[in-house]
There are 2 protein chains.
Amino acid sequence: MSYENFIGEVKTVSRIQAIQGQLGWDQQVMMPPNGANARADTLAWLSGRAHETLTSKKMGDLISELEKNISKLDEDQKTNVIEMRRTFDKSTKLPAEFIEKVTKTRSKGMGVWAEARKNNDFNSFSPLLGELVSLAREKISYLDKGNTPYDTLLDDYEVGLTVEYLDPLFAELKEGLIEILNKIMNAKKQQISKLDMTFPVKNQEAFCLKISEQMGFDFNSGRMDTSSHPFSIGISVGDTRITTRYDENEPFSCLYAVMHETGHGLYEQGLPNEFALTPRGTAISLGVHESQSRLWENQIGRTEEFWKYSLPLFQNEFPDFPKDIDAAQMNLIANQVEPSFIRVEADEVTYNLHIILRYEIEKQLFNGTLDVNDLPKVWNEMFKEWFGLDVEDDSTGVLQDIHWSMGAFGYFPTYTLGNLYAAQLFESMKNEFENVNKMIEEGNWSPLLNWLREHIHEKGRLYNPSDLIENATGKKPSSAPFLKYLNEKYGRIYGF
Amino acid sequence: MSYENFIGEVKTVSRIQAIQGQLGWDQQVMMPPNGANARADTLAWLSGRAHETLTSKKMGDLISELEKNISKLDEDQKTNVIEMRRTFDKSTKLPAEFIEKVTKTRSKGMGVWAEARKNNDFNSFSPLLGELVSLAREKISYLDKGNTPYDTLLDDYEVGLTVEYLDPLFAELKEGLIEILNKIMNAKKQQISKLDMTFPVKNQEAFCLKISEQMGFDFNSGRMDTSSHPFSIGISVGDTRITTRYDENEPFSCLYAVMHETGHGLYEQGLPNEFALTPRGTAISLGVHESQSRLWENQIGRTEEFWKYSLPLFQNEFPDFPKDIDAAQMNLIANQVEPSFIRVEADEVTYNLHIILRYEIEKQLFNGTLDVNDLPKVWNEMFKEWFGLDVEDDSTGVLQDIHWSMGAFGYFPTYTLGNLYAAQLFESMKNEFENVNKMIEEGNWSPLLNWLREHIHEKGRLYNPSDLIENATGKKPSSAPFLKYLNEKYGRIYGF
């Protein structure tokens, strides 16, 4: 009986969050500009209602009562109690005035950061960044102590994540990445076709919809729209939405955004409906979510086999596309590697170096003695050493990402975890199926989706991220599958 | 101090309703089909929360406290107290079990009605319709007594509306309408151009957007989309949305839907922002809302002057459109009068006969002794007498409208009130401005909108509908301006 009461309260919180999700989607995709203030007001009001319900005495009592007799619950029910305990504790430990202060500083921070990036002026941002770092330190003081202060921040984005877990993983990865990068840089430069034509939005949309459907996205339970930054969101059972953006000069950024967001969307569509609005029916973490998007985008999408299947569909939409560009050449265009300043434009090799750099800096900020004012200097030195490039202005250096201006310290590592998990999952699929390459080439993709459904999607929050990956692949998470994948892929392209 | 507390509670209710509005818009315009169940669940949950807040002891106490010292409040504040008292009483007088029963019967009703209409089978619907009538009678027993039972239903949709008010209004109107209809039927038949081409959706959309903007709709504070039934909704300050539908074979249904919905939308955009989320900042009634849509759609949109201004814009979008069709001919096409079975397809003359017929039937149902089973017989007899047409099946007769299946008895008269109010307001504008025809022809429409802003939109719920119209026009609402307008309009077209 009290389990049902408990689930009733949990669903109230989830319902409010689902409404926030829908309003947030509308805000980014549909809302006319002058609706902004009222929408912000509505969203803040809903946040208050969700927090109120989540942190109520009633919720606390229900959780405590269930914990006393936890052995009487089944695994699904236990998951819900354990996950709500975690969320409840995290939410009740942060004082209301603190949350308010963070919200205000954050919204101020984003504005100041945008201005500072535009003007290439780190000094105008550093005082606020200093405040945001102090607030993150204050947050650490309220929450459960990890082995190090930074652990507490990491755990906030990826449950159970620690420096102890990441340090060896990232060290091995960094070494391997630099090795591959050197091989590529020393290899013979490939002749890459110039795409000297326009790709109308209408045809890009039609092509991308076909690919998304081919991946298994159910458009009776979802839709695709346009927004300035591609994203995906699971609003409810039967309603998952993805967005993309179009560049008429090149069709790849749209395609890979759609494959990436469809990967996220398939995870949401694959969550078990019977546990909707409870943790058991919710995605476990940012890292695992990113593994789903990256697997489809990179392991499947950035391959010659993918283009063998998709090129005819592509040519069908773009009849003027040069007939002499074949699948191998398409793959080459989609896999150019070159060190560059901007993370979000990076290839699969350098992308993770961008992340590890941010990880090292965050670690020094919270576990070491790095001062906010020294950030540009440290950033530029590391960048020169790792990428061989001189950062010329902070706008393309330390100021490039929005995350710190939102106080999101500890978030970046989840991107790389996603890449590692994706490679490890894909390696298991290769062992499971006789010839994955042939399946991709023939458009026989549904067994791949079904494998992910069974091993990842249906599990919801039953297991912690690293356990989930280990259960699915039989191995503890490591960087080995990812490095192997990169070596094979780029060895094939660049001939090493 | 207690006024502020009161407004806080009022805004909570309004916020929830605004969220319902946004989710409802999404449901009709954007939501993928499989999201239907979860969305219905979310909307029902929100209804519960709104009702809970609206009918709370706290709300009741705050209202009572303010009523004790009502003389200390200004007019705007008084309006909010008076309107919330009305809403509070109405909501608290209906027992929760009764509301639940109505909600269930209603959602069952709509399904059964749709099926019955499809199969032209009144008998399969009549038991449920009987239940819905009984529930409406039960509702009457809970609410304030009007002079007649039907008055209580009328008041529910249009505050202060009574049979005593409507009977003479509609009697005079009916007589006048039948007279005009006879004149038109006896006039020489006009030669009307056949539109033998297709009108691509893209160009219809572009044309309609231009007209909507020309009317004064602010697209930075709104948007236009497609839905199966056109509608409009004010979601928040700065966010009002309209929808339309497209028929590639003829461009008029889309255009006049857009003008109609833009008329509604302009009312929403013109409500006073400083009173947002309170009754004072909300539209007063369905009838007044309909007057705004009808004024733009008919008084302005279905005129030769409108087409003198708009035909070049139209030809610009449809270059193949015959050059020999001029503004007068366009106006003729847009104003064909012919008695037909279906209300929503009716012209301005017969439309109101459709409404008065429904009014007479509803009156007999609630104030008289008409039995639900006799509805088809009574309907068909009246239809023969008024329209001169034999109703051949109930699908195009008594089963055509969704309203009764939703238990919405007393709603129909607001449509005709809208037409009467529109004509009366437009007559005042003609007196106010030297030459309205010339203004329409020259696209000088903003003074017309400003007049409506000042006399209607900005007033919110400050006055009851009939007082609002009287204040704006200096005369009590009557059918005279509408009949005069029809006589002039159709006299000009048909030469009588």
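**Notes on a predicted two-chain model**

1. Now for chain A as a whole. Its secondary structure comes to 20 helices and 3 strands. The radius of gyration of chain A is 23 Å, close to the 23 Å from the globule rule for 496 residues, so the chain is as compact as a globular protein of that length. Along the principal axes, the C-alpha trace of chain A spans about 70 × 50 × 50 Å.

2. Two further figures describe the packing of chain A. Of its 496 residues, 41% count as buried. Among contacts in chain A with a separation of 6 or more, 71% are between residues 24 or more positions apart.

3. The strands deserve a look of their own. In chain A, 3 strands form an open sheet with mixed pairing, in the order β1-β3-β2. Why is one side of β1 (222-226) and of β2 (232-236) of chain A left without a neighbour in the sheet? Both stand at the edges, and each has a single partner strand, so one side of each has no neighbour there. On average, neighbouring strands of this sheet are turned by 20° against each other, direction ignored.

4. Within that sheet, β1(A) pairs with strand β3 (residues 239-244) of chain A in the parallel sense, over 5 bridges. A:D225 stands opposite A:T243 in β3(A). Helix α1 (residues 2-29) of chain A packs on the sheet and touches β1, β2 and β3 of chain A, with its direction at about 135° to that of β2(A). Helix α10 (residues 252-270) of chain A also lies across β1, β2 and β3 of chain A, and runs at about 165° to β3(A).

5. Chain B can be read in parallel. In chain B, 3 strands form an open sheet in the order β1-β3-β2, and the pairing is mixed. Here β1(B) and strand β3 (residues 239-244) of chain B pair in the parallel sense over 5 bridges, and B:D225 stands opposite B:T243 in β3(B). Helix α10 (residues 252-270) of chain B lies across β1, β2 and β3 of chain B at about 165° to β3(B).

6. How are the two copies related? A rotation of 180° with 0.0 Å of shift along its axis superposes chain A on chain B, with an RMSD of 0.0 Å. That is the relation of a two-fold axis.

7. Finally, the interface: 27 residues of chain A are in contact with 27 residues of chain B. On the side of chain A that touches chain B, α1, α2 (36-54), β1 and β2 of chain A each supply at least two residues. The largest share of that side, 6 residues, comes from α1(A). Of the interface residues of chain A, 100% are also interface residues in chain B, so the copies meet through the same surface.

Definitions and conventions. Residues numbered from 1 in each chain as written. Chains lettered and ligands numbered in written order. Predicted model: local features only at pLDDT ≥ 70, side-chain atom pairs only at ≥ 80, totals over all residues. Least-squares fit on C-alpha atoms with pLDDT ≥ 70 in both. Contact = placed C-beta atoms within 7 Å. Pairing = 2+ DSSP bridges. Helix = DSSP H or I, 4+ residues; strand = E, 2+ residues; numbered from the N terminus. Axes fitted to C-alpha atoms, helices over the stretch in contact; angles between N-to-C directions. Rg over C-alpha atoms; globule rule 2.2 N^0.38 Å. Buried ≥ 20, exposed ≤ 12 C-beta atoms within 10 Å, placed from the backbone.
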